[in-house]
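Hi there,

Here is the structure I promised to pass on. My notes on a few of its strands and residues follow below.

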Amino acid sequence: MGEILGIDIGGTGMKAALVDTDRGVFLKEKIKYATPRPSTPENVSRVMRQLIKDFDFEGKRFGCGFPSIIKNNICYSAANIDKSWLKINLYEYFLERTGSQIVFTNDADAAAIAEMRFGRGKDRKGTVILLTLGTGIGSGIFLDGKLLPNSEFGHLLYKKSIFEHYASNGARKKKDLSWSEWGKELNVYLNHIDHIISPDLIILGGGVSKHFAKYEDYIDLNTELVSAAMGNDAGIIGAAILAEEKFSSSNQ
Ligand code: BGC
């Protein structure tokens, strides 16, 4: 059985759990701390060390979802985290500060991997996109089960800004929008996504996916739309799955 720690760093919370990667479930209750403000590398690594200690994972290898574009371990965007993360090599930075080898993946890609394997995307072919509606909007897009990494469909331009500033759960809270007001913004966004990529299935993830019934009536879409089965846990599970796969292939 694959048993490994998964951590999900978001704009608002840092969550961790011990994951059974064969079944896509937690083996111990998850632990969550607020993302420190400012979310500088130094502050975030302090919370990271605490989470590692909470799970007795000091010096062990594990996986982590991080809210930015990540190529060859380097952070290339910082929409909802401190700008001082830009250009940092995440693997080396955390290896030095925690002693752990950590596999970093974009947080939405990690969530999408888990939802495709164990959730609503299971056995689905064609173009499937998972949109995580959290502090920002993240995306994970698949063609016949294969991920195209680092897509940023929350950052499509809209009203001289980006959709993330209108249709994320963070925008709903910040502007104190009613479900109907927010649902209408989300409807514009989902129709735009539908128009530009013609997906076969759109999955809504993030914490707000569990409130789907409160806003689904405001959405009028020609494409199949479902709420994620794994909600906010998907990011932790996907990060763990990807780390386990990477470590087991490098051990062969
Ligand atoms: C970031 C993405 C991230 C998403 C969700 C966006 O602002 O650019 O990389 O996946 O927020 O955290």
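Strand β2 (residues 13–20) is joined to strand β4 (residues 31–34) by four bridges, and the two run antiparallel; Lys 15 stands opposite Lys 32 there. Strands are DSSP runs of E with at least two residues, numbered from the N terminus, and two of them pair if DSSP finds at least two bridges between them. This is a predicted model, where local features need pLDDT of at least 70, side-chain atom pairs count only at pLDDT 80 or more, and totals for chains, interfaces and linings use all residues. Residues are numbered from 1 along each chain as its sequence is written, and side-chain values use heavy atoms, leaving out hydrogens and water.

With strand β3 (residues 25–26), β2 pairs in the antiparallel sense over two bridges. That hairpin has four residues between its strands, and Gly 24 takes a positive phi near 70°.

How many of the residues of β2 are buried? Eight of its eight are, buried being under 20% relative accessible area with a 1.4 Å probe, protein chains only. Gly 13, Lys 15, Ala 17 and Val 19 point one way, and Met 14, Ala 16, Leu 18 and Asp 20 the other.

Ile 4, in β1 (residues 3–9), counts as buried because its relative accessibility is 6%. Its contacts (heavy atoms within 4.5 Å) include Ala 17, Leu 18 and Val 19, as well as Phe 247.

Best wishes

Definitions and conventions
Buried means under 20% relative accessible area, exposed over 50%, partly exposed in between (1.4 Å probe, protein chains only). Lists of a residue's contacts leave out its neighbours within four places in sequence.
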